[in-house]
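Work through the two exercises below with the sequence and the 3D structure at hand, and try each task before reading its solution.

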Amino acid sequence: MCGFTVIIKKTKNKKIDETLKKKILLSQTHRGPDNSKILEKKNIIFFHNRLSIIDLSQKASQPMTCKKTGNIIVFNGEIYNFKELKQNYLRNEKFETSSDTEVILKLYNRFKENIHKYLNGIFSFVIYDNKRNKLFLIRDRFGFKPLIYFEDKELFVCSTETRSINLVRG
């Protein structure tokens, strides 16, 4: 079980200071004690707390960025068929990890929003599409892995935890 939060600041007036960033990351530590990381890209902040299961290396930490496209992913869950997907659709790709996260990121590069047709598992994830400057949010069909969101005039926030959203809302 991992934890993530993604914040889009819609206005320049909304400030997310360092103290709040630390509180957000700390609020989801119980979901992933193995690694914590914050990544900022333009007006978007990605928070991730990792529970290492498939690939224990630091290379598999998140937020993960695709070197080829600049796309960014935060992911919670498990893709049961990731090895088959890798073999069937990504045979010519170079991988830096043995994680299902990297497979999802590369599959998105190929299938975009149709990626859901290929995934078998329990999951929620957010991908920032660098070229299109858009977020893609998805969860498994039955909602086993939470994906909660909040939006107002200044912010869009999505997370695996209502706690994180409440911290941002104030």
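**Exercise 1.** In this predicted model, determine which elements the buried residues of α3 pack against, and how many of the residues of α3 are buried.

*Solution.* Begin with the surroundings of the helix: the buried residues of α3 pack against β4 (64-65), β5 (72-79), α2 (82-89), β6 and β7 (134-139). Next, list the residues concerned, taking buried to mean under 20% relative accessible area; in α3 these are D100, T101, E102, V103, I104, L105, K106, L107, Y108 and F111. Ten of the twelve residues of α3 are therefore buried, so that the helix is largely enclosed by the rest of the structure. Finally, consider its length: α3 spans 16 Å from its first C-alpha to its last, which is close to the 16 Å expected for its twelve residues at 1.5 Å a residue.

**Exercise 2.** Find what follows α3, and decide whether K42 is buried or exposed.

*Solution.* Start at the end of the helix, where α3 is followed by K112, a residue with a positive phi near 50 degrees although K112 is not a glycine. K112 belongs to the loop between α3 (100-111) and β6 (121-129), and with a relative accessibility of 27% it counts as partly exposed. Then turn to K42, which is likewise not a glycine and has a positive phi of about 55 degrees. K42 sits in the loop between β2 (35-41) and β3 (44-50). Since exposed means over 50% relative accessible area, K42 is exposed, its value being 58%.

Note on methods: Residues numbered from 1 in each chain as written. Predicted model: local features only at pLDDT ≥ 70, side-chain atom pairs only at ≥ 80, totals over all residues. Heavy atoms only, no water. Helix = DSSP H or I, 4+ residues; strand = E, 2+ residues; numbered from the N terminus. Buried < 20%, exposed > 50% of the residue type's maximum accessible area, 1.4 Å probe, protein only. Expected span 1.5 Å × (residues − 1). Contact = heavy atoms within 4.5 Å.
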